[in-house]
Amino acid sequence: MSELCVKTEKLTFHYPPGEGESPRDVLREVDIEIAPGTFTVILGHNGSGKSTLARQLNALLLPSGGSVTVFGMDTADEKLLLDIRRRVGMVFQNPDNQIVSNVVEEDVAFAPENLGCPTAEIRRRVDEALKTVGMYDYREHAPHLLSGGQKQRVAIAGVLAMEPQCVVFDEATAMLDPGGRRDVIGIINTLRQKGVTVILITHHMDEAVGADKVIVMNDGRVALEGTPREVFRQVENLKGMGLTVPDTAELIWRLRQKGLELDPEALTVDECAAEIAEALR
């Protein structure tokens, strides 16, 4: 069995309490395993702990209890910090917080320069990263003149230039319009084809349909875990947590409530259409 990309065991975390307050666990004994080369989506309402969990995955935050291992490395070991962050890149919600230079290609070069890569290697990495995200033609542009979606693609390129084995997208599509979201999902699919492990934290349920695994966080714990079909068939459970489901899953659920005999795990548009056509025949 190959080494896991991420493994947490009884992971607990609390932020420092304010004066006169008691610590409150934001994560509560979280156990997850993520295999290399897979696409995992982590869902949950605001305050569920999903973004706090994301920041544990490359040691931006360290456990208050339990453990996090990344490619076999314990995130609590300070000596391993640089290696962990080389192997696990983070893309955040607001690209402006990740862009540090006045020229696109200089921004993308920032991380490999700090890693001490030779000049020719930096050039190769920058060009390849910009081509992967479809921003090579903008390499000499000023980032502040780009659209929000273009800025996010530049931020992603900056992470890809480190050539990580895993990329964590923490609400990276939250501030984008539908076109920008499609662009990011397209980049995720490209990374999957290259064998990169992808972890996406999102509240857009449709972005989870193509995942290998879905993890649903609620009140700091893993509430549900499984394939998209296994998770999204549990419509009432998800609604009870204040979450929605993809439109296709909602449609199948409503029609089943009306008495139609439909497969509750039908999830794609084609599957739903076929199920409904068969039921009405």
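Start by selecting helix α5, residues 148-160. In this predicted model, where local features need pLDDT of at least 70, side-chain atom pairs count only at pLDDT 80 or more, while totals for chains, interfaces and linings use all residues. Residues are numbered from 1 along each chain as its sequence is written, and side-chain values use heavy atoms, with hydrogens and water left out.

Helix α5 lies across β6 and β7 (166-170), running at about 170 degrees to β6. Helices (H or I, at least four residues) and strands (E, at least two) are DSSP runs numbered from the N terminus. Axes are lines fitted to C-alpha atoms, for helices over the stretch in contact (heavy atoms within 4.5 Å), and angles run from 0 to 180 degrees between N-to-C directions.

Next, pick helix α6 (178-193), which lies across β3 (39-43), β7 and β8 (197-201) at about 155 degrees to β8.

Now show the open sheet of six strands, ordered β6-β7-β8-β3-β9-β10 with mixed pairing; two strands pair if DSSP finds at least two bridges between them. β6 (88-91) and β10 (221-226) stand at the edges with a single partner strand each, so one side of each has no neighbour in the sheet. Zoom in on β9 (213-218), joined to antiparallel β10 by five bridges. V216 has L224 of β10 as its bridge partner.

Finally, select α9 (247-257) and α10 (269-280), whose axes come within 10 Å and cross at roughly 20 degrees. They are therefore roughly parallel (angles under 35 degrees). Display T248, L251, I252 and L255 of α9 with V269, C272 and I276 of α10 to see the contact.

Conventions
Parallel < 35°, antiparallel > 145°, perpendicular 65-115°, else oblique.
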